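Biologist: Could you walk me through this model? I would like to start with the fold and then go into single residues.

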Amino acid sequence: MKKYITFISVLLLIFIIPVGVYAEAVSPSVGLSTFDYDGDEKFLEVSNIPAEVTPEAIVWIITPDNTSSGTAASGPSISIGSDAVNGNYSVTLGEGGDVLTGAYQITQRMITIKPNDVTEEFAKQTIKPKSFKITSGKLVTNHAITVVYSGSNNKVGETKSGISSYIIKDGNSTIVTGNYKVTALTGKLTLVKPFEPTVDPEPELILGGGEVAHPSSPSSDTGNRFGNQTGSNTASNTNSSTGSNDDTNTADTSGTSDGVVIGDGSVPLDDGLDGITGPPADSEVNNALGIALFLAAFLIIAIIVIYLIARHRNKVKDSVYH
């Protein structure tokens with residue numbers, strides 16, 4: 001008899017006590033109550049409902065509800081909608097049963113927006129923001145955001161641009177801006193000085209007779225060098241600014257003066273130009289010719305005199321011997 005009592009006691013220890021512990025571990029509770037906004041409907045749901053509680057005996061109180069305040073509903077779950085919201089719930093599991101309370105939340109979706117920087121070469125214009133980008137986070141699929149810009153610049157230098165307001169709509173054109181937490185950053189509006197090429201002073205060339213040759217205005221691509229040779233000198237300068245605003249300025253500085261090609265001053269005078277002189281003047285030619293004729297006449301006379309002296313000496317010698 002004692003053996004049967006002991007056996008029954010062991011069975012009770014094995015089955016009855018664990019059942020009691022298990023029953024204690026599965027007390028009712030509300031599942032996930034914090035959600036991130038994604039445009040989809042969210043639900044609060046009771047888990048571990050006692051077997052004796054039927055779904056029809058469960059009563060929810062949601063404050064606030066998406067449609068009205070203090071709405072009662074039956075069932076193990078209740079919709080809290082799809083929009084970002086903060087609220088509280090109370091659920092009673094049957095008449096006289098457990099009452100569960102707590103807070104629920106659908107958090108706003110976070111995004112950051114920023115106007116794109118604008119950089120242009122100054123030409124007496126006013127620049128404003130033209131576009132923007134989402135730098136962090138993203139919109140729900142089929143949602144779109146429209147922004148209003150602020151800021152402008154009409155002087156050389158940099159100013160700030162911004163986004164003063166925005167509106168977000170879903171695929172049905174319903175405004176859902178309140179479901180987002182938007183951070184708007186500032187951008188830059190920059191106007192830079194136009195590119196100005198630096199032109200060195202043009203060299204002066206000394207021509208024959210001490211005359212100074214001044215370069216003529218650069219209006220031609222060709223010039224005569226001493227009347228026969230031609231040449232040109234072209235300088236090209238490029239200025240590139242951010243934003244694919246590329247401007248190219250080309251300066252043509254070729255020209256002629258007194259038959260000599262004059263450049264843009266990029267060739268230093270000590271590179272052999274100091275020794276270059278033009279063709280001699282007519283007066284110099286005449287002077288040189290006169291000197292040459294005088295020397296030639298003097299040489300001829302000297303030769304004749306020497307010849308006559310030598311001849312006279314020979315005659316004197318002949319007369320002495322005879």
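Modeller: Among the contacts in the chain with a separation of 6 or more, 59% are between residues 24 or more positions apart, a contact being heavy atoms within 4.5 Å. Please keep in mind that this is a predicted model, in which local features need pLDDT of at least 70 and side-chain atom pairs count only at pLDDT 80 or more, while totals for chains, interfaces and linings use all residues. Residues are numbered from 1 along each chain as its sequence is written, and side-chain values use heavy atoms, with hydrogens and water left out.

Biologist: What does the secondary structure come to?

Modeller: The chain has two helices and 23 strands, where helices (H or I, at least four residues) and strands (E, at least two) are DSSP runs numbered from the N terminus.

Biologist: And how much of the chain is buried?

Modeller: Of its 322 residues, 24% count as buried, with buried meaning under 20% relative accessible area, exposed over 50% and partly exposed in between (1.4 Å probe, protein chains only). The accessible surface of the chain is about 21,600 Å², and carbon and sulfur atoms hold 56% of that surface; the areas come from the Shrake-Rupley method with a 1.4 Å probe, and for residues only the protein chains shown count as cover.

Biologist: Which strands make up the open sheet of three?

Modeller: Its order is β11-β9-β14, with mixed pairing, and two strands pair if DSSP finds at least two bridges between them. β11 (132–136) and β14 (180–184) each have a single partner strand and stand at the edges, so one side of each lacks a neighbour in the sheet. From one strand to the next the twist averages 35 degrees, with axes being lines fitted to C-alpha atoms and angles running from 0 to 180 degrees between N-to-C directions.

Biologist: Do β9 and β14 run parallel or antiparallel?

Modeller: They run parallel, and five bridges join β14 to β9, which covers residues 109–115. Within this pair, Met110 stands opposite Lys181 in β14.

Biologist: Where is Asn179, and what does it touch?

Modeller: Asn179 is in the loop between β13 (157–169) and β14. Not counting residues up to four places away in sequence, Asn179 touches Tyr37, Asp83, Ala84, Gln108 and Arg109. Asn179 counts as buried because its relative accessibility is 5%.

Biologist: Changing topic, which face of β4 is covered?

Modeller: Ile58, Trp60 and Ile62 form the covered face of β4, whereas Val59, Ile61 and Thr63 form the uncovered one. β4 is joined by six bridges to β7 (residues 85–93), and these strands run antiparallel. There, Trp60 stands opposite Val91 in β7.

Biologist: What about the backbone, say phi of Asn48?

Modeller: Asn48 has a phi near 60 degrees, a positive value in a residue other than glycine, and lies in the loop between β3 (42–47) and β4 (58–63). Lys124 likewise is not a glycine but has a positive phi of about 60 degrees, and Lys124 sits in the loop between β10 (118–121) and β11.

Biologist: Is Lys124 buried or exposed?

Modeller: Lys124 is exposed, because its relative accessibility is 78%, while Asn48, at 39%, counts as partly exposed.

Biologist: Where does pLDDT stay under 50?

Modeller: Residues 15–24 are one such stretch, with three contacts beyond four places in sequence, and residues 217–276 also stay under 50, although the model has 101 such contacts for them. The chain averages a pLDDT of 75, with 64% of the residues scoring at least 70; pLDDT is the predictor's confidence in each residue, from 0 to 100. Where pLDDT is low, the predicted coordinates should not be read in detail.
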